[in-house]
Amino acid sequence: MFIDECVIKAQAGDGGRGCISFRREKYEPWGGPNGGDGGRGGDVVLIGDVNTNNLIDYKYKPHWKGERGEHGMGSDCNGREGRPAILKMPLGTVVINEETGKAVAEVVHEGERIVLCKGGNGGWGNTRFKSSTNRAPKRANPGAPGEGGTFRLVLKSIADIGLVGFPNAGKSSLTSKITKAHPKTAAYPFTTLHPQIGVIEYNDLKTQDRLLIADVPGLIEGASENRGLGHRFLRHIERCTLLMFLIDMAGTDARDPRDDYATLLKELKLYDPALAKKARIVVANKMDIPEAEKNLKKFKTRHKVDILKISCLTGDGLDKLKKELLKRVRKAKPSGK
């Protein structure tokens with residue numbers, strides 16, 4: 001099961017209370033205060049983890065709490081700090097405070113550590129209150145309460161390339177051909193039910209680059225109005241550097257490739273105008289079918305865009321496509337990163 005949105009309740013641990021204690025030893029009847037401080041409560045911490053790819057762990061375990069700090073003890077012994085609650089997050093997770101509706105954190109990098117809720121400070125023991133005018137204080141502080149709240153986790157995949165297209169355009173087939181991912185493929189629409197992330201390796205190049213490609217479920221007309229499956233996953237391509245439009249140039253299911261491309265652009269623009277402004281590449285699939293060449297000529301007449309020809313069935317054009325993707329991603333990334 002793929003979960004890309006859920007709500008959790010997080011509560012950091014309270015601080016331990018300070019201790020009121022006095023030194024009592026033989027031959028020292030006037031021993032002073034020696035009460036230790038309470039320990040600090042455990043934080044609720046988010047850690048970016050490249051090996052976590054969705055939020056299913058938090059769908060079925062929504063309550064997370066840091067450990068309370070240990071209370072202070074006599075003989076100037078401070079309490080132990082509470083253990084933090086560690087939440088491993090997939091990269092691209094946005095954390096939204098349910099009460100305010102504002103984003104409070106965003107996990108982007110592997111190993112990134114974000115304190116979502118801070119643990120309460122431990123209370124002072126009576127040793128802290130000793131002074132020249134108060135040699136035997138009988139006062140200690142309680143521990144401070146830890147922070148807490150209700151948060152919505154929203155996963156937005158971080159990938160270099162976002163693969164968009166109509167159902168049956170061949171997105172899953174292409175992903176399986178140019179990456180090591182193995183999405184389900186079949187001769188019916190909506191075989192992809194949740195985003196698939198694949199890695200394109202460039203071992204033949206000296207730099208040994210790699211690109212991440214996100215394949216989202218097929219879009220249909222009205223996707224921006226919550227029709228079909230793809231609308232739920234459009235956010236997974238918001239952060240992509242390059243969008244790849246895969247067009248079924250053979251016109252399977254009596255479709256017109258020209259209308260498909262226009263509809264895809266329209267739906268992305270309605271969902272988020274920024275998506276339509278992203279760098280994009282148009283790829284014509286199923287060029288091994290005779291009708292494809294005729295449809296391609298009509299397509300170029302209506303849409304003045306550069307288009308790459310491939311066939312996922314025969315493998316024609318795939319090597320050229322991989323090199324072109326690397327070239328365009330490098331060009332589109334800011335500062336050549």
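In what order do the three strands of the open sheet lie? This is a predicted model, in which local features need pLDDT of at least 70 and side-chain atom pairs count only at pLDDT 80 or more, while totals for chains, interfaces and linings use all residues. Residues are numbered from 1 along each chain as its sequence is written, and side-chain values use heavy atoms, with hydrogens and water left out.

**View 1. The open sheet of three strands.** The order is β4-β2-β7, with mixed pairing; strands are DSSP runs of E with at least two residues, numbered from the N terminus, and two of them pair if DSSP finds at least two bridges between them. The edge strands, each pairing on one side only, are β4 (85–89) and β7 (113–117). Strand β2 (residues 44–48) runs parallel to β4 and is joined to it by five bridges, and Leu 46 has Leu 87 in β4 as its bridge partner.

**View 2. Strand β11 with β9 and β10.** Strand β9 (residues 161–164) and strand β11 (residues 210–215) run parallel, joined by three bridges, and Gly 162 stands opposite Ala 214 in β11. Strand β10 (residues 196–201) runs antiparallel to β11 through six bridges, with Val 199 opposite Leu 212.

**View 3. Helix α3 and what covers its buried residues.** Helix α3 (residues 257–271), where a helix is a DSSP run of H or I with at least four residues, has 15 residues. Its buried residues (under 20% relative accessible area, 1.4 Å probe, protein chains only) include Tyr 261, Leu 264, Leu 265 and Leu 268. Among the elements that cover the buried residues of α3 are β12 (242–248) and α5 (291–302).

Methods
Expected span 1.5 Å × (residues − 1). Buried < 20%, exposed > 50% of the residue type's maximum accessible area, 1.4 Å probe, protein only. Contact = heavy atoms within 4.5 Å.
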